[in-house]
Amino acid sequence: MSRIGKNPVSIPEGVTVEVNNGVITAKGKLGELTQEYTGIDIKIEDATITLERQSEKKEVKSKHGLYRALIANMIEGVSKGWTKELELVGVGYRASNQGQKLDLALGFSHNIVLDIAPEVKVETISEKGKNPIVKLTSHDKQLVGQVAAKIRGFRKPEPYKGKGVKFVGEEIRRKAGKSA
């Protein structure tokens, strides 16, 4: 039995969950999310969701914990939301935004201008003497993670000086340089 899949998911107040023909929908104060599923039976009783497998095939077993985690992330997203913070480490690295356009200066000859999806709210924090921070918030965990990974991919942190775009709280594995 899947250890994650057998755990029930509790539904907080203000969130409604509906199951129709292989699609589960969660609605809350921050938005609405849907997820398709197969091979799993979903039961909603007394503000808790339980998932049961329809068979013991390997494919169905692997999806049991996956769908439970996706449903739990949907419910937390529409009730509380998800946040990712990226820190720009390096001399001259800057970030600014005008609405949904994020402008990044990462040491290239031109600034990188990125259009952010309308579901993701972007905010830039620049304080004197501190590294600029890009804050992404949304109700969709997958979308926030994808946008954050794309921004981080423009200039990944390098192991010698630690310069680049990193997640706040991320520890960069450092290497010793050449010894003269």
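1. L86 stands opposite F167 in β13. The strands here are DSSP runs of E of at least two residues, and helices are runs of H or I of at least four, both numbered from the N terminus. The model is predicted: local features need pLDDT of at least 70, side-chain atom pairs count only at pLDDT 80 or more, and totals for chains, interfaces and linings use all residues. Residues are numbered from 1 along each chain as its sequence is written, and side-chain values use heavy atoms, leaving out hydrogens and water.

2. Strand β7 (residues 82-89) runs antiparallel to β13 (residues 164-167), with four bridges between them. Six bridges join β7 to β12 (residues 133-138), again an antiparallel pair. In that pair, E85 has K135 as its bridge partner. Two strands count as paired if DSSP finds at least two bridges between them.

3. A three-stranded open sheet has the order β1-β6-β5, with antiparallel pairing. β1 (9-10) and β5 (40-45) are the edge strands; each has a single partner strand, so one side of each lacks a neighbour in the sheet. Between β1 and β6 (residues 48-53) there are two bridges, and S10 has T48 as its bridge partner in β6.

4. Helix α1 (residues 58-79) lies across β1, β5 and β6, at about 165 degrees to β6. Contact means heavy atoms within 4.5 Å. Axes are lines fitted to C-alpha atoms, for helices over the stretch in contact, and angles run from 0 to 180 degrees between N-to-C directions.

5. After α1 comes G81, with a positive phi near 95 degrees.
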